[in-house]
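Please keep the sequence and the 3D view open while you read.

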Amino acid sequence: MHPVNTDGTLCDLRDLYRHITFRSEGPKATRYLNLYDYRFDFNATQHNVWRNLTCFVHGYRKEDLPDLLTYQKKNFASSTFPNEALIQLYPLPSPHNHAWYYSWLPLQQLEFLKSRTLYEEHLYDNRVNNILSKIRTHKPRVVLMYGMNNINRLKKSIQDFFDGTKFETIKATKLQIPQHHWTDLKETTILITTQIPALRHNRIETGFDWEEFGKISQR
């Protein structure tokens, strides 16, 4: 995705990470000062999801894969090389395999934070429509939506926003292509999958081949 940010709706991830302290109780505890050091500095650690997203993007463009860690440090989500944007549907940090950490906050004006369900329901319509509006305005070549729980609702939101949109469902190819839903908006291809771009690490027996997924998505 090629982000054009003129209204403050996107932030520079690299700059943000300079202001977030790196916290770990393991052997890396004193190795990094902040998240920028952890992900982008000379001694950075590879982010598995970002790695696979890089594979997907290069596969989609039919470009040879770069050195993936070097690309992460120098190019990934860079405002200097604006080739991709990372946008979370629900921006509060709280992976679905973790507890909901906000229920204890004594904020009467934010009652929707009492549970994950209330929070997601409160944000969904406005958040989805804002993202789809940006897609319509900036026309990125490809949008990959992954890790979605309610795909049917998301598909309907896209179909309501882009009238006449139809999705094609592509079945999974084990250890190669995840099951996904595909549609073409002329300027933009949208892909939706429940899978998260994780695992593999050059091991054919884990996860999916995200480079190959990118290649077959270019039609």
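## Helix α7 across the strands

Helix α7 spans residues 210-217 and lies across β1, β3 and β4. Its direction makes an angle of about 140° with β4. The model is predicted.

Which residues of α7 are buried? They are Trp210, Phe213, Gly214 and Ser217. Seen down the axis of α7, these buried residues fall within an arc of 100°, so they line one face of the helix. Their cover includes α3, β1, β3 and β4.

## Where α3 meets α7

Helix α3 covers residues 48-60. The axes of α3 and α7 come within 6 Å and cross at roughly 30°. The crossing is right-handed. On the α3 side, Asn52, Cys55, Phe56, Gly59 and Tyr60 make the contact. On the α7 side, the contact residues are Trp210, Glu211, Phe213, Gly214, Lys215 and Ser217. By type, the residues of this contact divide into five nonpolar, four polar and two charged.

Helix α3 also holds His58. Is His58 buried or exposed? His58 counts as buried because its relative accessibility is 6%, and the cut-off for buried is under 20%. Not counting residues up to four places away in sequence, His58 touches Glu63, Asp64, Leu65, Pro66 and Tyr71.

## The four-stranded sheet

Four strands form an open sheet. Their order is β1-β4-β3-β2, and the pairing is mixed. The edge strands are β1 and β2, each of which pairs on one side only. On average, neighbouring strands of this sheet are turned by 20° against each other, direction ignored.

β2 and β3 pair in the antiparallel sense over three bridges. Here Ile170 stands opposite His180 of β3. β3 and β4 are also paired in the antiparallel sense, over four bridges. In that pairing, Thr183 has Ile190 in β4 as its bridge partner.

## The β3-β4 hairpin

β3 and β4 form a hairpin. How many residues lie between them? There are four. Lys186 sits in the turn and has a positive phi of about 75°. As for β3, this strand is mostly covered, with four of its five residues buried.

## Helix α6 and its buried side

Helix α6 runs from residue 151 to residue 161. This helix lies across β1, β2, β3 and β4. Its direction is at about 165° to β4.

The buried residues of α6 are Ile151, Leu154, Lys155, Ser157 and Ile158. Why do they sit on the same side of the helix? They cover an arc of only 155° around the axis, which puts them on the same side of α6. On the other side of α6, Asn152 and Asp160 are exposed. The buried residues pack against helix α5 (116-138). They also pack against the strands β1 (142-146), β2 (168-170), β3 (180-184) and β4 (189-193).

## Ile192 in β4

Ile192 lies in strand β4. Its relative accessibility is 0%, so Ile192 counts as buried.

How far apart in space are Ile192 and Gly147? Their C-alpha atoms are 8.4 Å apart, although 45 residues separate the two in sequence.

## Asp37 in α2

Helix α2 covers residues 35-39 and contains Asp37. With a relative accessible area of 15%, Asp37 is buried. This value falls within the buried class because the limit is under 20%. Not counting residues up to four places away in sequence, Asp37 touches Tyr32, Asn43 and Ala44. Asp37 and Thr21 are 16 residues apart in sequence. Their C-alpha atoms lie 9.6 Å apart in space.

Methods. Residues are numbered from 1 along each chain as its sequence is written. This is a predicted model: local features need pLDDT of at least 70, side-chain atom pairs count only at pLDDT 80 or more; totals for chains, interfaces and linings use all residues. Side-chain values use heavy atoms; hydrogens and water are left out. Buried means under 20% relative accessible area, exposed over 50%, partly exposed in between (1.4 Å probe, protein chains only). Helices (H or I, at least four residues) and strands (E, at least two) are DSSP runs, numbered from the N terminus. The arc is that of the directions from the helix axis to the C-beta atoms. Contact means heavy atoms within 4.5 Å. Two strands pair if DSSP finds at least two bridges between them. Axes are lines fitted to C-alpha atoms, for helices over the stretch in contact, and angles run from 0 to 180 degrees between N-to-C directions. A crossing is left-handed if the near helix is turned anticlockwise from the far one by less than a right angle, and right-handed if clockwise. Ala, Val, Leu, Ile, Met, Phe, Trp, Tyr, Cys and Pro count as nonpolar, Asp, Glu, Lys and Arg as charged, and the others, Gly among them, as polar.
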